[in-house]
Amino acid sequence: MSLFNRLKSNSTASLKAPSTGHIDEYGPVVHEPKLTISSVYKPMEHPPLTEEQQEKLVQLKKYIESIMLPETHEYYPNERGFITEATLKRYMRARKWNYENAKTMLENTVLWRRDYRPDQLDPDYIKPEAETGKMYFNGFDKCGRPVWIMRPRLQNSKDGERQVKHIVFSLERGIRLMPDKVENIAIIVDFKDSSASHNPSVATCKKFLDILGNHYPERLGVAFVVKSPWFFFATFKVISPFMDPVTKNKIKFVYDSNEEKDTKSTSNEWVHIKDYIEEDQLECDFGGRFNYLYELEPYWSLLLEKTGRPYKVIDYN
């Protein structure tokens, strides 16, 4: 997950809004993103549970039920919605079906959620982080996963705590955008016009990675790295040996065009992004046919309409 480590800039100067093209060919520019899936999709499926795995799942459910908040507690509906069978399975898979490890991990998340209330983060507090379009959802991939677009060059804040909460807020909203039987997201990290100055503070980076790794396991479906700069390859070479192999293999580097290129910079897979995302779901900047340009108010209004204003209690996929 260290590809996210380029989310913070030491400078807020010369911020440049996302570009869009092909106006004549694909119609006028639109400012309303695609936050509801309208096409046929094929969710990723996991193999049926073995008898042993089913027994461990029942055991985990019994334990977590025993430590849940009382029904009279104000946060009980949120906790009840989080503790679903899908959640239990994700934590078991994340810990390779080791019951004790999964139990510890999930219990820590339950306690963290009671304190952090990630599903109740105030949109008004988060909104300043969204002004430039450095991070937003738009479209769905062929597996039905919401597409989370990140543009490090558009970093506009030096508030490390709010930056982390913006990411957590986005994760929670992305979960609420997931259609039936979909439980993870696709990410596009667009490094266009980024420079080596886009370095994170160590404290902010570590805090975010801790939250993502420990409290949102199995939520990353695939991550596409677009226009990879030399400094990212240098960092990736250093960190990749320490990454979980499953997570590392989810990171795909995107060809700039249909032509092949030198892929010696990394052993990770190089792909054509349109093999994963239909053209009508993909922005023109990435070779698609959706002529979208980010604007804060249309995006923010539609996001809250779809995911809750100020928030919405759900049963987690």
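R113 sits in helix 5 of what is a predicted model, where local features need pLDDT of at least 70, side-chain atom pairs count only at pLDDT 80 or more, and totals for chains, interfaces and linings use all residues. Residues are numbered from 1 along each chain as its sequence is written, and side-chain values use heavy atoms, with hydrogens and water left out. Helices (H or I, at least four residues) and strands (E, at least two) are DSSP runs, numbered from the N terminus. With a relative accessible area of 3%, R113 is buried; the label means under 20% relative accessible area, while exposed means over 50% and partly exposed lies in between (1.4 Å probe, protein chains only). Setting aside neighbours within four places in sequence, R113 is in contact with Y75, F82, P118, D119, E172, Y216 and Y316, contact being heavy atoms within 4.5 Å.

Helix 5 itself covers residues 99-116, and its 18 residues should span 26 Å at 1.5 Å a residue; the end C-alpha atoms are 25 Å apart, which agrees. The expected figure is 1.5 Å times one less than the number of residues. At the start of the helix, a side-chain oxygen of N98 comes to within 3.2 Å of the backbone nitrogen of E100. Just past the other end, R117 takes a positive phi of about 50°.

Now for the neighbouring helices. Helix 4 (residues 85-94) packs against helix 5 at an angle of about 125°, with the axes 8 Å apart. That makes helix 4 oblique to helix 5, and the crossing is right-handed. Axes here are lines fitted to C-alpha atoms, for helices over the stretch in contact, and angles run from 0 to 180 degrees between N-to-C directions. Angles under 35 degrees count as roughly parallel, over 145 as roughly antiparallel, 65 to 115 as roughly perpendicular and the rest as oblique. As for handedness, a crossing is left-handed if the near helix is turned anticlockwise from the far one by less than a right angle, and right-handed if clockwise.

Another arginine, R219, lies in the loop between helix 8 (202-215) and strand 4 (220-226). R219 is buried, at 5% relative accessible area. Not counting residues up to four places away in sequence, R219 touches R90, I175, M178, E183, N184, I185, Y316 and N317. The R219 side chain also reaches the backbone oxygen of E183 at 2.6 Å. In that loop between helix 8 and strand 4 lies E218, which has a positive phi of about 65° although it is not a glycine. At 24% relative accessibility, E218 counts as partly exposed.

K181 is not a glycine either, yet has a positive phi of about 70°. K181 is in the loop between helix 7 (160-177) and strand 3 (185-190) and is exposed, with a relative accessible area of 65%. Finally, the peptide bond from R309 to P310 is cis, with omega near 5°, and P310 is found in the segment after helix 11.

Conventions
Polar contact = N/O pair within 3.5 Å; in protein donor to acceptor, adjacent residues only side chain to side chain.
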